Amino acid sequence: MTLIRPYGDTTGDGMVQLSFTLPIEHSKVAEGAAVQLANKMGMDPALVVHAKPMGEGFTFFVVYGRVNHLVDPSTVEVVERDYPLLTPKEANAAIKRSLRRRLTVVGACIGTDAHTVGIDAILNIKGFAGEKGLEYYRELKVVNLGAQVSVPQLVEAAREERADAVLVSQVVTQRDAHLLNTREMSAAFREAYPAATRPLLVVGGPRFDETMAEELGVDRVFSRGTTPGEVASFIVHRLTQEKAS
């Protein structure tokens, strides 16, 4: 078993950098409060390296300091990719061979979320990280509903389009809105569809924990940095495998 410690200036020195905002006007007292908070979080010594007023009554801090905590990588739980990465050509061929029809994907940002950057990066042909979006795949029919789509509207659109998969992006996370919206969505689809005919439910966003799929009632959770190819490969793999079995 190998334990590891944070690295700053020299290997194993335990130095970390932390940023946060306190509801206090910028002053020497505010900087002292930031150091006190860092100390209580296990940073000792702690040094304020940046402090900036963030509107009336708030200050943003960056604190640099040492922690004594050790990390055991062998106890870390992650969701490993359990499907092959397919090129667009391979994905198209798998769909054509297995389904013998185009695969329909409906995507949206639900609730009050108006941030379409994530869903557009996955669905739009221009894509993300050098990869074309799902619209580029010849055997995929993509319906992008855009932003601020209610859960009933999403369910209705999925029914009308006979969706094989539903993709939901959530960027707004205040008060765990992304989790509440996802649970509402999964419950609505369970109520609207028999289990055997429910479309594949996939959610993604920068604040999601990929281990929470079962808890949220969805088939897959993708976090930050996910590429269109990963999403397309998962959908094609799951749906073609289910068809084969």
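Leaving aside its neighbours within four places in sequence, with which residues is Gly-12 in contact? In this predicted model, Gly-12 is in contact with Arg-5, Pro-6 and Tyr-7 once those sequence neighbours are set aside. Asn-68 is 56 residues away from Gly-12 along the chain, and the C-alpha atoms of the two residues are separated by 9.7 Å.

The chain as a whole is divided into two domains, whose bounds are domain 1 (15-73) and domain 2 (88-244), and the C-alpha centres of these domains lie 38 Å apart. Its secondary structure comes to 7 helices and 8 strands. The radius of gyration is well over the value that the globule rule gives for 245 residues, so the chain is more spread out than a compact globule.

| Property of the chain | Value |
|---|---|
| Radius of gyration | 22 Å |
| Box filled by C-alpha atoms, along the principal axes | roughly 65 × 45 × 35 Å |

Of the 245 residues, 41% count as buried, while the accessible surface of the chain comes to about 14,100 Å², with 52% of it belonging to carbon and sulfur atoms. Among contacts with a separation of 6 or more, 66% are accounted for by residues 24 or more positions apart. The chain carries 27 positive and 30 negative side chains, and the centres of these two sets lie 7 Å apart.

Note on methods: Residues numbered from 1 in each chain as written. Predicted model: local features only at pLDDT ≥ 70, side-chain atom pairs only at ≥ 80, totals over all residues. Heavy atoms only, no water. Domains from an automatic or database assignment. Helix = DSSP H or I, 4+ residues; strand = E, 2+ residues; numbered from the N terminus. Rg over C-alpha atoms; globule rule 2.2 N^0.38 Å. Buried < 20%, exposed > 50% of the residue type's maximum accessible area, 1.4 Å probe, protein only. Contact = heavy atoms within 4.5 Å. Areas by Shrake-Rupley, 256 points an atom, 1.4 Å probe, with all protein chains shown as cover. Lys, Arg positive; Asp, Glu negative; His and termini not counted. Charge placed at Lys NZ, Arg CZ, Asp CG, Glu CD.
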